[in-house]
Amino acid sequence: MKFSRQQVLGIALSLVVGIALVMVLGWPGRGKAPPPAEVADNPLPPAHFVGRAACAGCHAEQERLWQGSHHDLAMQEATPQTVLGDFNHAEFSKDGVVSRFFRREGRYWVHTDGPDGQMTDFEILYTFGVTPLQQYLVALPGGRLQALSISWDSRPQAQGGQRWFHLYPDERIDHRDELHWTKLSQNWNFMCAECHSTDLRKNYDQASHGYRTTWAELDVSCEACHGPSSQHVVFAEKQPGHDRIAPETLGLTHRLDERRGVSWPIQAASGNATRSSPRTTTREIETCARCHARRGQWFGDYEPGQPLMNTHLPALLRAGLYHADGQIDGEVYEYGSFLQSRMFQAGVTCSDCHEPHSLKLRAEGNGVCLQCHGAQQYANEQHHFHPASSAGAQCVACHMPAKNYMVVDPRRDHGFRIPRPDLTVKIGTPNACTGCHADRSPAWAATALRRKLGREPRGFQNYAETLHAARSGAADAESRLTALLQDDAQPAIARATAAAELGRRLSPNSLAPLVQSLYDDHALVRAAALEALDPIAPQQRWQAAHRLLTDPVRVVRALAGATLSGVRSEAMPAAELAAFQKASGQYLAAQQFNADEPGSQVNQGNFHTARGDLAEAESAYREALALDPGWVPAYVNLGDLYRREHRDTEGEALLREGLARQPKSAALQHSLGLLLVRQNKLSEALPALQSALDLAPGDTRFRYVYAVALHSAGKTHEARRVVQAGLKGTPGDPGLRELAAALGR
């Protein structure tokens, strides 16, 4: 578990209204196992967790495969059998702090800088992971478990391992930094626990700011994927009540049986396989995605086998997470890239390639791909252009390039793309060719591939230039995004990203297609379209989106409640007011579930502000700052609330307090500049507005406001220069274009 500074901010902001969106692959209920048939007047008790030992007696082979797997070793108590690191008074030095690892009375300790910066002894309670690195968990007050940023490289010494190393080697970090091991970004309860334990209950208490986190089993055990199995045991052992369980369910909450009876015959002509019967559910994939996805958890009542989006929010193809063509960039795991793949569209599931208990591949090397792709067509130099025994002849080298995370952990892109060096030349996205041939240029690779193929390479994913246009502010970005949104042949995650991007440049031309996408078959697209409605007036939002208050997917309903929070209750028809209250209640419950995260407190503040409950909003913003005194969105939004209440004197003091903690925050500089403009202190406002633009030169809103302020101060020539500089980088920005016309030459 390791996130960059930008990723930490992104995870936190992923819970803010209108920023993080989610996805599922269809309406919920698809593929649900039917509930056990029970006698109404004598029902069985609800299913509960029984533990791995209850499974192993009948499932010995699955137990054998699981033993020693990454799931088995996801988290363990720190013992001589589990600790891999050197605790023989080994030292590690970084940023002026010399940490020492040692044993005392049979237990494991680290002497390092604590929450206050003071050097202290901390006991290691648990190991976290096993290979290629192992982290260590330390208990802090309030039930917190924190992951040390100094980790053990468990690779063999010949591969550079058997050493202590820091997860942020290139950043200077002290105890005040958001990335310090004692901060929320390294907190096990919030960031890691759900995916390294079975039946995890976070149990955060806002009043005490503490946790009472519990689990059924310490690692990722059988019921983490198969669900609570007490009724299965009753059925299998023919215990009293077994005759009240429907035989087709076996007493399980769900069946991971999407591969049962399925074959993949290879077509002789093409060398490609076709699934013998269509995949009708995504139950298995979403079971894996709960942890193998970049996502936020909104609700704590996840039920294995149920639609992921009932409880979680997978990320879209955002800059910093994914490249414009959808290749992995940030630490996003496998789900988001797999959803973009032709494999997913063809019906492939995770366990087609991976044995789900050992987690190993179904076959070694190219064998796993040759299960579905004929060797005659693909295992030859005419296809891969490399000598048969070379690394370049491996399927994954070209179609699943790897990127290192946590310094030493290579992870493969699951988009199964055709290498596109031509796109590297056009828009700068990476390609597998020059990833290996690092001494050659993308232009060389593009020419070589075109010559070998006899044409330009083509792939399944065709949205790279569209998303690049959106990110670069190209003049045709809106029309490109609208076309992508309406192209049902493209992956839903790409279409949803197009919907979200349209919200940044919404116009009458794109509004109608966006409203239409609110009722798309894919909940991902519906949710993204909700986000994009933020720029329009509340009553228009109501007209467009009120039906999503009863959407069959819970997170979409909750997002609808947030999106429509600015609509006054008296403007809602009586029959729909109840639906709004229920959906908005779910939204607030989701934020309260994450009350330990300052972004969720800001969400609550935003919701209450939109509803006119300003006292509750102020309390939520203040709670965000209590959790993290450097949390920029809380300062900005609380300062804006003070503006609404004509409390700009308090607002100025607040923003200056925030800048004292975060002097490089463009958002705080911009907010302070706007406040000073309202106070008619234009000469003081200009430096703040300029600082905001200097810190975030790509933000067209900051540029627009600064240029207007310059013009108001009589500096029209300088205002024109600022606008023209912006139009060079984002020529399609409508605001800058209109301002340029208004300022003249």
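Buried residues (under 20% relative accessible area, with exposed over 50% and partly exposed in between; 1.4 Å probe, protein chains only) make up 52% of the 745 residues in the protein. The structure is a predicted model: local features need pLDDT of at least 70, side-chain atom pairs count only at pLDDT 80 or more, and totals for chains, interfaces and linings use all residues. Residues are numbered from 1 along each chain as its sequence is written, and side-chain values use heavy atoms, with hydrogens and water left out.

The secondary structure comprises 33 helices and 15 strands. These elements are DSSP runs, numbered from the N terminus: helices are H or I with at least four residues, strands are E with at least two. The radius of gyration is 27 Å, close to the 27 Å that the globule rule gives for 745 residues, so the protein is as compact as a globular protein of that length. This radius is taken over C-alpha atoms, and the rule is 2.2 Å times the number of residues to the power 0.38. The C-alpha trace spans about 80 × 65 × 65 Å along its principal axes.

Contacts are defined by heavy atoms within 4.5 Å. Of the contacts with a separation of 6 or more, 58% are between residues 24 or more positions apart. The protein exposes about 33,300 Å², and carbon and sulfur atoms supply 52% of this area. Areas come from the Shrake-Rupley method with a 1.4 Å probe; for residues, only the protein chains shown count as cover. There are 77 positive and 80 negative side chains. Lys and Arg count as positive, Asp and Glu as negative; His and the chain ends are not counted. The centres of the two sets lie 5 Å apart, with each charge placed at NZ of Lys, CZ of Arg, CG of Asp or CD of Glu.

Several sites lie in helices. Leu481 belongs to α18 (residues 477–485). Leu481 is buried, at 0% relative accessible area. Beyond its neighbours within four places in sequence, Leu481 is in contact with Thr466, Leu467, Ala470, Ala498, Glu501, Leu502 and Arg505. The C-alpha atoms of Leu481 and Arg495 are 8.3 Å apart, across 14 residues in sequence. In α22 (residues 538–545), the buried residues are Arg541, Trp542, Ala544 and Ala545. Their cover includes α20 (508–517), α21 (523–532), α23 (554–563) and α24 (574–593). Ser691, in α30 (residues 682–695), is partly exposed at 25%. Its C-alpha lies 6.9 Å from that of Ala666, 25 residues away in sequence.

The loop between β1 (75–77) and β2 (90–94) holds Thr82. Thr82 counts as buried, at 11% relative accessibility. Its side chain reaches the backbone nitrogen of Thr79 at 2.9 Å. Leaving aside neighbours within four places in sequence, Thr82 is in contact with Gln76, Glu77, Thr127 and Gln134.

Backbone geometry was also examined. Most residues other than glycine have a negative phi, and most peptide bonds are trans. His89, also in the β1–β2 loop, has a positive phi of about 60°. This residue is partly exposed, with a relative accessible area of 47%. Tyr333 has a positive phi of about 65°. Tyr333 lies in the loop between β13 (312–314) and α8 (335–338) and is partly exposed at 23%. A cis peptide bond joins Thr131 and Pro132, with omega about 5°. Pro132 sits in the loop between β5 (119–128) and β6 (133–140).

Definitions and conventions. Polar contact = N/O pair within 3.5 Å; in protein donor to acceptor, adjacent residues only side chain to side chain.
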